[in-house]
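Biologist: I would like to learn how to read a structure feature by feature. Could you walk me through this one?

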Amino acid sequence: MSTTAISGAGFSIDEEEPTEARIRRLISEHPVIIFSRSSCCMCHVMKKLLATIGVHPTVIELDDHEIASLPPPPAHDSLSSPSPAPAVFIGGTCVGGLESLVALHLSGHLVRKLVEVGALWV
């Protein structure tokens with residue numbers, strides 16, 4: 001049985017790696033990563049917000065069956081929608097969806113968090 005690996009954009013995908021393990025690995029390998037469905041307008045807004053600050057996240061588009069494997073947002077996160085995607089992870093921690101990312105930015109904590117994980121230099 002051969003393993004097919006796809007490399008590109010600084011990450012690799014092992015076709016035989018279980019979805020949950022692959023997602024956990026990608027989260028641990030990238031300081032800022034967004035998991036999304038294809039052509040998701042909320043993901044586009046997330047990328048624009050982060051790019052405005054000076055951060056260019058890794059974006060992974062997942063199939064519907066893969067989205068169920070995403071780790072849940074923090075229990076105290078009442079701003080996240082019930083849908084797990086799009087979801088942004090900063091420093092291995094689930095921030096949540098677009099609403100949570102914007103709230104983090106408006107509270108003044110987003111830049112500090114990005115600096116802490118090495119995704120932004122000020």
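Modeller: Gladly, and please keep in mind that this is a predicted model. Let's start with one side chain: F35 has a relative accessibility of 0%, so F35 counts as buried.

Biologist: Is F89 buried or exposed?

Modeller: F89 is buried too, with a relative accessible area of 2%.

Biologist: How is a pair of aromatic rings described?

Modeller: In general, one gives the distance of the centres and the angle of the planes. In this model there is 1 aromatic pair. The ring centres of F35 and F89 are 5.8 Å apart and the planes stand at 85°, so the pair is edge-to-face. This pair links distant parts of the chain, since F35 sits in strand β3 and F89 in strand β5, 54 residues apart.

Biologist: How do β3 and β5 pair?

Modeller: They pair in the antiparallel sense, over 4 bridges. Within that pairing, I34 stands opposite V88 in β5.

Biologist: What does β5 form with β6?

Modeller: A hairpin, with 2 residues between the strands. The turn contains G91, whose phi is positive, about 60°. β5 and β6 (residues 93-96) are also antiparallel, with 3 bridges, and there V88 stands opposite G96.

Biologist: Which way do the side chains of β5 point?

Modeller: A87 and F89 point one way, V88 and I90 the other way, and all of these are buried.

Biologist: What tends to happen to nonpolar side chains in soluble globular proteins?

Modeller: They tend to be buried together. Here the largest nonpolar core has 19 residues, and V32, L50, V88, I90, L101, L110 and L114 touch the most other members. At least two residues of this core come from each of β3 (32-36), α2 (41-53), β5 (87-90), α4 (98-106) and α5 (110-116). The largest share, 5 residues, is supplied by α2. Another core, of 13 residues, lies apart from it, and L26, F35, I60 and A85 are among its members.

Biologist: Which residues does V32 touch?

Modeller: Leaving out residues up to four places away in sequence, V32 touches L50, V55, P57, T58, V88, F89, I90, L114 and A119.

Biologist: Let's turn to charged side chains. How many salt bridges does the structure hold?

Modeller: The structure holds 5 salt bridges. In one of them, the side chains of E17 and R25 meet at 2.9 Å, N to O. Residues E17, R25 and E29 are linked in a network of salt bridges.

Biologist: Why do E17 and R25 count as buried?

Modeller: Buried means under 20% relative accessible area. E17 has 17%, so E17 falls under that cut-off, and R25, with 19%, does so as well.

Biologist: Where do E20 and R24 lie?

Modeller: Both lie in helix α1 (residues 19-29), 4 residues apart, which is about one turn of the helix. With a relative accessibility of 45%, E20 counts as partly exposed.

Biologist: And what does E116 form with R112?

Modeller: A salt bridge, with the closest N and O atoms 3.6 Å apart. E116 and R112 are 4 residues apart in helix α5, so about one helical turn separates them. E116 is exposed, at 57% relative accessible area, whereas R112 is partly exposed, at 46%.

Terms used. Residues are numbered from 1 along each chain as its sequence is written. This is a predicted model: local features need pLDDT of at least 70, side-chain atom pairs count only at pLDDT 80 or more; totals for chains, interfaces and linings use all residues. Side-chain values use heavy atoms; hydrogens and water are left out. A nonpolar core is a set of buried Ala, Val, Leu, Ile, Met, Phe, Trp, Tyr and Cys residues joined through side-chain atoms within 4.5 Å. Buried means under 20% relative accessible area, exposed over 50%, partly exposed in between (1.4 Å probe, protein chains only). Contact means heavy atoms within 4.5 Å. A salt bridge is a side-chain nitrogen of Lys or Arg within 4 Å of a carboxyl oxygen of Asp or Glu. Two strands pair if DSSP finds at least two bridges between them. Rings of Phe, Tyr and Trp (its six-membered ring) pair if their centres lie within 6.5 Å; planes under 30 degrees apart count as stacked, over 60 as edge-to-face and the rest as tilted.
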